[in-house]
Amino acid sequence: MKRGPIVAIDGPSGAGKSTVAKQLAERLGYRYIDTGAMYRGIGWLARGKGVPFRACDSLDALLKSASLFFEERNGKARLIVNGTDVTDLIRKPEMGMVASDISAIEPVRRWLSALQRKLGEQGNAVLEGRDMGTVVFPDADHKFFLTASIKERAKRRAEQLGDKGDAVELDTVMEEVSRRDWNDSNRAIAPLRKADDAVEIDTTSMTISEVVERLIREIRAGGGKIEVISQES
């Protein structure tokens with residue numbers, strides 16, 4: 001049984017979910033759970049073992065033997081898959097579409113959704129993804145849907161990759177983001193969509209700090225009794 005509040009943040013690629021969720025969790029003193037990394041982790045595992053991205057016996061066997069968890073190292077959560085720290089490996093440019101492709105497979109979604117519910121069941125958690133407020137935690141205490149223009153989302157993604165040494169053309173990233181949007185919104189299982197009771201926030205012209213402050217205001221306005229950790233702390 002959940003023993004504390006759950007904040008669910010959904011939205012398309014590049015809307016700022018991960019950074020916002022991390023900072024919000026820090027301000028609230030909650031755990032941050034990156035569900036997108038979990039899909040990338042399973043995608044990395046399947047790809048490395050040559051397991052096809054479709055429902056089949058070999059994929060079922062891979063999931064049954066998979067070990068996936070977050071581990072705190074030097075103050076940061078690292079994703080460990082079958083004993084390997086894949087935190088940096090899954091952020092390669094091509095892994096975004098790998099995650100999108102494998103997330104459309106029903107056994108994978110079922111396996112990871114169960115794990116995500118287990119991770120969040122104690123509450124006091126911020127989870128971000130694409131179906132947190134619609135499928136995984138439909139009864140979440142606070143739901144948000146972050147979005148932004150496709151050009152701004154592609155720009156952010158290109159800058160993020162550039163900071164990691166992966167220089168890419170903006171047009172190329174825009175095509176990738178557009179394709180990812182279509183895949184995520186049109187898959188048959190748990191498609192990307194805004195929950196009816198989620199607060200939608202367009203982050204196009206907002207800084208990360210502004211978005212985090214907006215979420216805190218919305219949580220308080222919704223009756224959330226929270227203690228916010230000062231940014232100076």
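Modeller: One term before that: contact here means heavy atoms within 4.5 Å. And keep in mind that this is a predicted model.

Biologist: Fine. What does Leu112 touch, not counting residues up to four places away in sequence?

Modeller: Leu112 touches Met38, Tyr39, Ile42 and Leu68.

Biologist: Which residues touch the most other members of the largest nonpolar core?

Modeller: Ile42, Leu68, Val108 and Leu112 do. That core has 32 residues.

Biologist: Which elements supply at least two residues each?

Modeller: Strands β1, β4 and β6 are among them. So are helices α2, α3, α4, α5 and α6. The most comes from α2, with six residues.

Biologist: What lies apart from that core?

Modeller: Another core, of 19 residues. Its members include Val7, Ile9, Leu24 and Val212.

Biologist: New topic. Arg180: buried or exposed?

Modeller: Buried. Its relative accessible area is 9%, and the cut-off for buried is under 20%. Arg180 sits in helix α8.

Biologist: What is Arg180 in contact with, leaving aside neighbours within four places in sequence?

Modeller: Ser13, Arg40, Gly96, Met97, Ala99, Ser100 and Arg130.

Biologist: Back to α8, then. How do the axes of α7 and α8 cross?

Modeller: At roughly 115°, and the axes come within 9 Å. The crossing is right-handed.

Biologist: Which residues meet there?

Modeller: From α7, they include Ile150, Arg153 and Arg157. From α8, they include Leu170, Glu176 and Asp181. By class, the contact has seven nonpolar, one polar and six charged residues.

Note on methods: Residues are numbered from 1 along each chain as its sequence is written. This is a predicted model: local features need pLDDT of at least 70, side-chain atom pairs count only at pLDDT 80 or more; totals for chains, interfaces and linings use all residues. Side-chain values use heavy atoms; hydrogens and water are left out. Axes are lines fitted to C-alpha atoms, for helices over the stretch in contact, and angles run from 0 to 180 degrees between N-to-C directions. Helices (H or I, at least four residues) and strands (E, at least two) are DSSP runs, numbered from the N terminus. A crossing is left-handed if the near helix is turned anticlockwise from the far one by less than a right angle, and right-handed if clockwise. Ala, Val, Leu, Ile, Met, Phe, Trp, Tyr, Cys and Pro count as nonpolar, Asp, Glu, Lys and Arg as charged, and the others, Gly among them, as polar. A nonpolar core is a set of buried Ala, Val, Leu, Ile, Met, Phe, Trp, Tyr and Cys residues joined through side-chain atoms within 4.5 Å. Buried means under 20% relative accessible area, exposed over 50%, partly exposed in between (1.4 Å probe, protein chains only).
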